[in-house]
Amino acid sequence: MTVKSSLLEMLEKNKGEVLSGESIAGELGCTRAAVWKAVKSLREEGYHIEAGPNKGYMLAKDTNRLSQEGIRLFLDDPKVKIDIYDELESTNQTAKKEAMMGEAGHGAFVIARSQTAGRGRRGREFYSPADTGLYMSVILKPQGTIYDSLLITTAAAVAVYRAVAQLCGIQLDIKWVNDLFYKGKKVCGILTEAVTDFESGNIEFVVVGMGLNLYLDQENLPQKLRSIAGALYETKEDAEQTDRNKLTAMIVNELRKETADLKLSPDYVTHNMIPGHQITITDGNSSRQAFALEICRDGRLKVREEDGQETILSFGEVSVSM
């Protein structure tokens with residue numbers, strides 16, 4: 001671990017507390033000049049580190065920049081590989097490459113502060129401006145076949161739901177199959193991509209992409225999204241009160257717990273906004289009305305069609321009919 005990385009870990013552990021340059025140097029086994037050089041580098045990266053004569057160094061409490069060191073403090077398995085980028089085309093794309101090349105294993109994840117080509121289901125664009133949300137993809141190697149991939153998506157929704165509820169005190173609504181809503185607007189989208197063995201159908205690995213809006217810059221929000229997209233908080237100032245490193249770690253922790261044994265979580269059913277409502281089902285260029293009956297044990301959705309027949313959906317876009 002470099003001096004800079006070790007210093008950041010120390011500062012994250014003691015955020016808001018002053019650490020003397022002498023004690024830091026002694027702890028890290030380096031010179032005070034090396035400490036100062038590391039502090040200078042971290043400041044250039046955007047970390048708010050305060051210093052003064054005979055006062056030492058302090059990572060300001062209002063610092064909320066994503067870092068490996070900050071995230072690891074809250075991970076159940078702090079040894080997993082974490083990659084953080086200022087900008088990527090897509091975290092899912094990068095995570096898949098790492099998994100296929102054998103560079104990242106179970107539980108590893110990729111984070112981007114912004115995405116230029118973030119994707120949702122069916123190739124839709126996912127709006128991912130800099131520093132307004134969490135954009136991450138987790139690599140998993142669960143036991144199961146391609147038929148279990150839907151349960152991985154439901155597990156991801158539950159992971160985000162629980163982490164947001166516990167840390168932010170906000171109760172989200174889950175929308176079958178892969179979205180989370182708040183105050184009637186979408187705040188989180190999930191994209192699960194599985195690579196399977198062609199002959200056995202067993203899952204080799206899965207990449208679970210999650211995009212969670214913390215707040216939205218309304219002035220720069222595309223017009224087509226203004227009636228659809230939402231966020232956890234109305235302002236940047238409110239969003240900055242939530243520790244992004246801790247929220248990221250909590251989502252990953254919950255996701256790993258939920259996928260350790262693939263089955264439908266009661267939370268996914270209890271907090272789902274679709275069952276019991278008249279819905280519109282969109283499949284390609286066609287759409288139809290139906291009544292949502294229940295979430296099946298395998299994550300599929302049972303509906304009553306307009307002709308009275310009951311069918312079970314494995315995929316498709318659904319929305320509550322107004």
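This is a short tour of a predicted model, from the whole chain down to single residues.

**Ground rules.** The model is predicted: local features need pLDDT of at least 70, side-chain atom pairs count only at pLDDT 80 or more, and totals for chains, interfaces and linings use all residues. Residues are numbered from 1 along each chain as its sequence is written, and side-chain values use heavy atoms, with hydrogens and water left out.

**Whole chain.** Show everything as cartoon. There are nine helices and 14 strands. Both are DSSP runs numbered from the N terminus: helices are H or I with at least four residues, strands are E with at least two. Of the 322 residues, 49% count as buried, meaning under 20% relative accessible area with a 1.4 Å probe, protein chains only.

**The seven-stranded sheet.** Select β3 to β9. They form an open sheet in the order β3-β4-β5-β9-β8-β7-β6, with mixed pairing. Strands pair here if DSSP finds at least two bridges between them. Go to the edges: β3 (82–85) and β6 (173–175) each have a single partner strand, so one side of each is left without a neighbour in the sheet. Neighbouring strands are turned by 15° against each other on average, direction ignored; axes are lines fitted to C-alpha atoms, for helices over the stretch in contact, and angles run from 0 to 180 degrees between N-to-C directions.

Zoom in on β4 (109–112) and β5 (133–140). They run antiparallel, joined by four bridges. Ile 111 stands opposite Met 136.

At its N-terminal end, select Asp 243: a side-chain oxygen lies 3.0 Å from the backbone nitrogen of Asn 245, capping the helix.

**Two hairpins.** Move to β10 (278–283) and β11 (286–295). Six bridges join them, antiparallel. Thr 282 faces Ser 287. Two residues separate the strands, and Gly 284 takes a positive phi near 70°.

Finish at β12 (301–305), which pairs with β11 over five bridges, again antiparallel. Glu 294 has Lys 302 as bridge partner. Five residues lie between these strands; Gly 299 takes a positive phi near 95°.

Methods. Polar contact = N/O pair within 3.5 Å; in protein donor to acceptor, adjacent residues only side chain to side chain. Buried < 20%, exposed > 50% of the residue type's maximum accessible area, 1.4 Å probe, protein only.
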